[in-house]
Amino acid sequence: MDAKRVRSIVEKWMFPTEGGSYMGGLERRPILARSKGSIVVDTNGKEYLDFQSGQMAAALGHQHPRIVAAIEKTMKVMMHASNTMLNVPRLRLHERLGRLLPKPLSKSLFLVSGSDAIEAAIDLARKATGGLDVIGFHAALHGSTSYLTRSVTFNWDRRNHSIVAPATQSILTPYCYRCPLNLKFPGCKLQCLTTSLEMADANFTSQPAAFIGEPVLSAGGVIVPPPGYYEAIRKACDARGMLLILDESQTGLGKTGKLFGFQHEEGVTPDIITISKHFGGGFPISAVCSTAPVAEAAVKNGYFATRSHATDPLACAAGEESLDIVVDEDLSGRAAHIERRIRRALKRMAKEFELIGDVRGRGVLLGIELVTDRRSKAPANKQAQAVFEHCLSAGLIFQLRGVRKLKNVIRLVPPMTATDAEVDRAMGILYDALSKVTRARAA
Ligand SMILES: Cc1ncc(COP(=O)(O)O)c(C=O)c1O
């Protein structure tokens, strides 16, 4: 498909995209024709290393042969089924997931998207506690449905949406590289949390229902809360009768080097987690998982959540297969290996390029924060964009993220199945881009 035809379809038949947004100007980006493993190919036949794993949902690699086989097999038998009846792939997935979940999590409910799962998780916490207020990080992204999930997606401008859900408020993100209170961990003793909770307590409009957070804040700039932070949140929730919801959309099912992102934290057991993204191996399916007592308490208060396609056999079969792949291929181990390889390469680059201010993240969810100088930590938004463009033209795809309006964090999310050679090739492309941008600054 040539560029003229692409432009004409976009202009005539598509809703426009906001120019400056991360969905803006799509027609100027590569038009994808096919994909396989870690590679996507555009309509000109040019290959790119996909270090954003699609929309972070191709973490098993594009078209994993076992996912393709599971879908092919199931679609010949039963593609869609009513959610008012049980079906065999649905039951198998509940059992498979239930056995895999760290205790006391055991129960699951299926939906279609990550946003669906977040809405359902918040509703679950409200029905289980009888509370209403929900707090989350000010750099959080939890979804794009127009009401509840955008209301707790504080990293986007809430004022872009006409109505914001009541009883939702943000607390400070524990972003140690740019501490919002100008303190240093561990001397700070998590003052950001203490201050935030004091404010939250003053603002609650009812019995609070839940705190919601990502184990690693992905879109907010790949921020890893400091050790002990989530343990302190757990205690704060218990003290207030609130539930702890962890959004494992981006961190779940192997990506951080453990099966779930929260397992990096000592003494933290969430009441509710959500999973989505590569849960279906590229096919849309999400889940809300919880404990038996929470599920029972909520159901007594009338809780239910579903969608017409939430329990389709096709999606459930893909879900079961993806869980088996994560376990059989030890993809968490693979993610940890990729992290070590990328960190080694970035350590070498950081010696050469002042632009690299901070490297953080876990497993295959890594962030490189670019700054114009390391002392002032001035965000290098322009340089990050230039690095992004050099990489794109050299065949490496990733996204730029950051807190609120910043776009100075290179977010790398390679598939967990990426080979060492692919990782090294990506690091080579990134090295060339950083050196070009550094030379251009010096000139
Ligand atoms: C952490 C997190 N939660 C929820 C969502 C929403 O998922 P979806 O786009 O599938 O609705 C996203 C989307 O990127 C996400 O990153």
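Helix α5 (residues 114-129) provides the largest share of the shell around the ligand, namely three residues. Helices here are DSSP runs of H or I with at least four residues, strands are runs of E with at least two, and both are numbered from the N terminus. The structure is a predicted model, in which local features need pLDDT of at least 70, side-chain atom pairs count only at pLDDT 80 or more, and totals for chains, interfaces and linings use all residues. Residue numbers start from 1 along each chain as its sequence is written.

In total, 15 residues surround the ligand, where a residue is near a molecule if its C-beta atom, placed from the backbone, lies within 6 Å of it. The closest are S113, G114, S115, G143 and S249. By residue type, the shell around the ligand holds ten polar, three nonpolar and two charged residues. In this grouping, Ala, Val, Leu, Ile, Met, Phe, Trp, Tyr, Cys and Pro count as nonpolar, Asp, Glu, Lys and Arg as charged, and the others, Gly among them, as polar.

Turning to the overall layout, the protein is divided into domain 1 (31-63 + 330-442) and domain 2 (66-328), with bounds that come from an automatic or database domain assignment. The C-alpha centres of domain 1 and domain 2 lie 26 Å apart. Where the domains meet, 31 residues from domain 1 and 32 residues from domain 2 take part in the contact; two residues are in contact if their C-beta atoms, placed from the backbone, lie within 7 Å. On the side of domain 1 that touches domain 2, α11 (331-352), β11 (356-362), β12 (365-370) and β15 (409-412) each supply at least two residues. Of these, α11 gives the most, with five residues. That side of domain 1 comprises 15 nonpolar, nine charged and seven polar residues.

Some backbone details also deserve a look. K103 and P104 are joined by a cis peptide bond with omega of about 5 degrees, and P104 sits in the loop between α4 (88-100) and β4 (105-111). Another cis peptide bond joins F185 and P186, with omega of about 5 degrees; P186 belongs to the loop between β6 (168-171) and α7 (191-203).

D330, although not a glycine, has a positive phi of about 45 degrees, and is found in the loop between α10 (313-328) and α11. D330 is partly exposed, with 13 other C-beta atoms within 10 Å. On this scale, a residue is buried if 20 or more other C-beta atoms lie within 10 Å of its own, exposed if 12 or fewer, and partly exposed in between, with C-beta atoms placed from the backbone.
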